[in-house]
Amino acid sequence: METPKRYRIMGIDPGTNYMGYGVLEVEGRTLRSVVLGDIDLHRLTDPYAKLRYIFERVGALIDEYRPREVALESPFFGENVQSMLKLGRAQGVAMAAALSRGLPVAEYAPMRIKQAITGRGSAAKEQVASIVCRMLTVDRPPKRLDATDGMAVALCHYFTMGNPLNAALGDERVKGLGGGKKAASKGGSQSWEQFLKKHPDREIK
């Protein structure tokens, strides 16, 4: 029997105060959390120094954990234009750090990530964090939800790429709210319920 290939996905939840990240290791159908963390940015007052720090830290994490691909959460289109601009810059710099190392990049909308993890696009961050920790049997959840949000992006990417309908679409990617590969179905990805069918031992009863 051929041994399943092992690879890693880095998920990033862009932020201007804290940037969450998680590295997911995939081997066949086995998923493992390699690292959960966040990049502390709130003490940097110079916006350009902050962008430089994001680029350097994301690059250093990529060099350390060697992911095969990187997935990021797309900025949420809210009413505050200035906040959107700052968040978009942070995401762009993190994306540039991955691209500068030749890694493929995917984007996913916040609602799509929540739906992939919980089955509901309106789920609270706490619910996302709880399910991510259960799914990956993380005994000690991180202090901040930014870290589990970052891992949720990586899981969303894994589920989306594992969907045979999405895989059949090849490398066609979508900008904006959809993100990642074009959704071939309304759900666009597998959910926690589908994961439990394959891994019933992960459910806490």
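Helices (H or I, at least four residues) and strands (E, at least two) are DSSP runs, numbered from the N terminus. This is a predicted model: local features need pLDDT of at least 70, side-chain atom pairs count only at pLDDT 80 or more, and totals for chains, interfaces and linings use all residues. Residues are numbered from 1 along each chain as its sequence is written, and side-chain values use heavy atoms, with hydrogens and water left out.

**Whole chain**

Start with a cartoon view. The chain has seven helices and five strands. From the N terminus, the order is β-β-β-α-β-α-β-α-α-α-α-α. Of the 205 residues, 47% are buried (under 20% relative accessible area; exposed is over 50%, partly exposed in between; 1.4 Å probe, protein chains only).

**The sheet**

Select the five strands. They form an open sheet in the order β3-β2-β1-β4-β5, with mixed pairing. Two strands pair if DSSP finds at least two bridges between them. The edges are β3 (30-40) and β5 (105-108), each of which pairs on one side only. From one strand to the next, the twist averages 20°.

Now zoom in on β4 (residues 69-73). Four bridges join β4 to β5, and the two run parallel. Find Leu72: opposite stands Glu107 in β5.

**Across the sheet**

Helix α1 lies across β1 (6-13), β2 (18-27), β3 and β4, and runs at about 155° to β3. Axes are lines fitted to C-alpha atoms, for helices over the stretch in contact (heavy atoms within 4.5 Å), and angles run from 0 to 180 degrees between N-to-C directions.

**The largest pocket**

Show Asp13, Glu73, Pro110, Lys125 and Asp149. Of the 15 residues that line the largest pocket, these are the closest to its centre. The pocket holds about 320 Å³ of space. Helices α3 (110-118), α4 and α5 (145-162) each supply at least two lining residues. A pocket is an open set of points on a 1 Å grid over the protein atoms alone, where a 1.4 Å probe fits, with protein on both sides within 12 Å along at least five of seven lines; lining residues have an atom within 4 Å of a point. Points are joined across faces, edges and corners, and the volume is the space filled by probe spheres set on them.

**Helix α4 and the cysteines**

Select α4 (residues 125-135). Its buried residues are Val128, Ala129, Ile131, Val132, Cys133 and Met135. Just after α4, Thr137 takes a positive phi of about 45°.

Cys133 counts as buried because its relative accessibility is 9%. Next pick Cys156, which is buried at 0%. The whole structure has zero disulfides (pairs of cysteine sulfur atoms within 2.5 Å).
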